Amino acid sequence: MSTITRSWALLGAAIVCELFGTTFIKLSNGFTEPAFVVGVAISYLASFSLFSFALKRLPLGLSYGVWGGIGTIGTAVIGALVFGEPVTVLMGLGIALIITGVAFMNAGTDTEA
């Protein structure tokens with residue numbers, strides 16, 4: 001596995017950890033459920049650690065755009081599937097715009113990706 005591929009894998013793992021952390025925040029019920037509070041702390045510590053390793057080889061702007069974009073889309077999907085939160089046409093448009101924006105950022109970045 002090449003160094004750049006490993007960096008993208010680290011970024012993917014960071015995003016997954018961030019999604020767990022955000023889900024645990026919701027499940028913590030305002031930080032009143034200790035097990036979920038611990039899950040939040042562990043998930044975010046892992047997420048930021050993995051993100052920092054990914055940034056050794058990936059550009060900051062693109063990495064943060066991918067992390068934030070996928071995180072936003074992922075939390076919307078988790079909200080709908082796990083918590084029964086509504087998904088509207090405007091939310092779908094927003095998700096499409098996020099994907100488009102990250103694609104433009106990737107196209108404008110000079111990396112081996």
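Because they are four residues apart in helix α1, Phe20 and Phe24 are separated by about one helical turn. The model is a predicted one, in which local features need pLDDT of at least 70 and side-chain atom pairs count only at pLDDT 80 or more, whereas totals for chains, interfaces and linings use all residues. Residues are numbered from 1 along each chain as its sequence is written, and side-chain values use heavy atoms, with hydrogens and water left out.

A pair of aromatic rings is described by the distance of the centres and the angle of the planes. Rings of Phe, Tyr and Trp (its six-membered ring) are paired here if their centres lie within 6.5 Å, and planes under 30 degrees apart count as stacked, over 60 as edge-to-face and the rest as tilted. The structure holds seven aromatic pairs. Phe20 and Phe24 form a tilted one, with 6.0 Å centre to centre and 40° between the planes. Phe20 counts as partly exposed because its relative accessibility is 49%, where buried means under 20% relative accessible area, exposed over 50%, and partly exposed in between (1.4 Å probe, protein chains only). Tyr44, Phe48, Phe51, Tyr64 and Trp67 form one aromatic cluster.

Helices are DSSP runs (H or I, at least four residues) numbered from the N terminus, and the expected span of a helix is 1.5 Å times one less than its number of residues. The table sets out two of them.

| Helix | Residues in helix | Span, first to last C-alpha | Expected span |
|---|---|---|---|
| α1 (residues 3-27) | 25 residues | 36 Å | 36 Å |
| α3 | 24 residues | 32 Å | 34 Å |

The buried residues of α1, including Ile4, Leu11, Ile15 and Leu19, pack against α2 (34-54) and α3, with contact meaning heavy atoms within 4.5 Å. In α3 the buried residues include Leu62, Val66, Trp67 and Ile73, and the buried residues of α3 pack against α1, α2 and α4 (89-107).

Val77 is found in helix α3 (residues 60-83) and, at 40% relative accessibility, counts as partly exposed. Together with Leu81 and Val82, Val77 forms a nonpolar patch on the surface with about 310 Å² of accessible area.

Technical notes
Patch = residues over 30% accessible without salt bridge, like charges linked within 9 Å, V, L, I, M, F, W, Y side chains within 5 Å. Areas by Shrake-Rupley, 256 points an atom, 1.4 Å probe, with all protein chains shown as cover. Salt bridge = Lys/Arg side-chain N within 4 Å of Asp/Glu carboxyl O. Helix = DSSP H or I, 4+ residues; strand = E, 2+ residues; numbered from the N terminus.
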